[in-house]
Amino acid sequence: MKRGILLVIWMTTVTTMLAQTSPYVTSGGELIFSASNYDGDGAIRFSPVINIQNLVNFDRTESFGFFTGLSVRNIGFIYDESDAVRKKVRTYNLGIPVGIKVGKLDGRFIYLGYELEIPLNYKEKTFINEDKEDKFNTWFSERTPGVYHTVMVGLQLPYGSNIKFKYYLTPFFDDSYDGVNQDGTPIVYPDVNVFYVSLNYALFKNEKFYYTSD
């Protein structure tokens with residue numbers, strides 16, 4: 001129910017923004033440090049590529065604006081199935097964000113919003129006693145849900161850099177997946193949600209603005 005409400009708000013906000021005038025486009029990269037709420041051992045996953053964000057900005061005043069856009073994002077996490085077995089999983093997602101910006105839009109401000117992400121490609125690596133034993137990837141995998149619902153908050157700093165926190169409301173794996181291993185035993189994935197902190201540069205910067213320090 002809550003996700004349905006978020007989707008309605010997302011669609012309404014995008015429609016409203018597209019009706020506004022004088023939009024401008026920005027783009028930037030993203031260095032992601034991700035983890036999960038897995039109840040066991042794991043590690044921070046660093047994914048510098050491929051994370052591309054393109055935003056359409058609608059600034060209503062010098063201190064308030066909206067944004068939407070399109071992104072491609074490499075997101076995943078690392079977890080230990082046992083003392084000997086470690087898994088590294090990730091998806092490449094196509095995202096459509098919608099959010100607001102509040103503060104000094106040509107300098108320092110905060111932004112927050114919602115992003116709908118569609119997983120395109122799933123990849124899984126299995127390590128046994130630190131040796132890689134298996135690796136595969138597949139498009140539009142049944143292991144993951146069809147859509148991820150996410151929320152984010154970030155701080156834009158002078159000169160175009162910013163830091164962002166994002167949480168995935170949708171579990172990483174689809175709990176209805178019923179695959180089996182080669183030995184016939186069922187594949188069991190953990191019920192976890194992913195979150196990350198990322199460093200971004202030039203995400204909101206455009207020739208319209210010159211970012212300066214206070």
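Start with the lining of the largest pocket, which by class has six nonpolar, three polar and six charged residues. Here Ala, Val, Leu, Ile, Met, Phe, Trp, Tyr, Cys and Pro count as nonpolar, Asp, Glu, Lys and Arg as charged, and the others, Gly among them, as polar. A quick word on the source: this is a predicted model, where local features need pLDDT of at least 70, side-chain atom pairs count only at pLDDT 80 or more, and totals for chains, interfaces and linings use all residues. Residues are numbered from 1 along each chain as its sequence is written, and side-chain values use heavy atoms, with hydrogens and water left out.

**Stop 1: the pocket**

The largest pocket holds about 350 Å³ of space. Select Lys87, Asp134, Asn181, Gln182 and Ile187: of the 15 lining residues, these are the closest to the centre of the pocket. Now colour strand 7 (109-128) and strand 8 (131-139), which each supply at least two residues of the lining. Strand 8 gives the most, with three residues. Strands here are DSSP runs (E, at least two residues; helices are H or I, at least four), numbered from the N terminus.

On a 1 Å grid over the protein atoms alone, a pocket is an open set of points with protein on both sides within 12 Å along at least five of seven lines, a cavity is a set where a 1.4 Å probe fits but cannot get out, and lining residues have an atom within 4 Å of a point. Grid points are joined across faces, edges and corners, and a volume is the space filled by probe spheres set on the points.

**Stop 2: the cavities**

The structure holds two cavities of 30 Å³ or more. The largest cavity has a volume of about 70 Å³. Pick Gln53, Leu55, Pro97, Met152 and Lys164, which lie nearest its centre among 14 lining residues. Strand 4 (52-59), strand 5 (64-80) and strand 7 are the elements that give two or more residues to this lining, and strand 5 gives the most, with four. By class, the lining divides into eight nonpolar, three polar and three charged residues.

Next, select Ile75, Tyr148, Tyr168, Thr170, Pro171, Phe172 and Val194, which line the second largest cavity. Its volume is about 30 Å³, and its lining has six nonpolar, one polar and no charged residues.

**Stop 3: Tyr148**

Keep Tyr148 selected; this residue lies in strand 9 (148-156). Is Tyr148 buried or exposed? Tyr148 is buried, with a relative accessible area of 1% (buried means under 20%, exposed over 50%, partly exposed in between, with a 1.4 Å probe and protein chains only). Show its contacts (heavy atoms within 4.5 Å): leaving aside neighbours within four places in sequence, they include Thr91, Glu115, Tyr168 and Phe172. A polar atom of the Tyr148 side chain lies 2.7 Å from the backbone oxygen of Phe172.

**Stop 4: the cores**

Which residues have the most contacts inside the largest nonpolar core? Select Phe77, Val89, Phe172, Phe173 and Tyr189, out of 16 core residues. Strand 5 and strand 11 (194-201) each supply at least two residues of this core, with strand 5 giving the most, three. A nonpolar core is a set of buried Ala, Val, Leu, Ile, Met, Phe, Trp, Tyr and Cys residues joined through side-chain atoms within 4.5 Å.

Zoom in on Phe173: not counting residues up to four places away in sequence, Phe173 touches Phe77, Tyr79, Val89, Tyr122, Arg143, Pro145, Tyr189 and Pro190.

Conventions. Polar contact = N/O pair within 3.5 Å; in protein donor to acceptor, adjacent residues only side chain to side chain.
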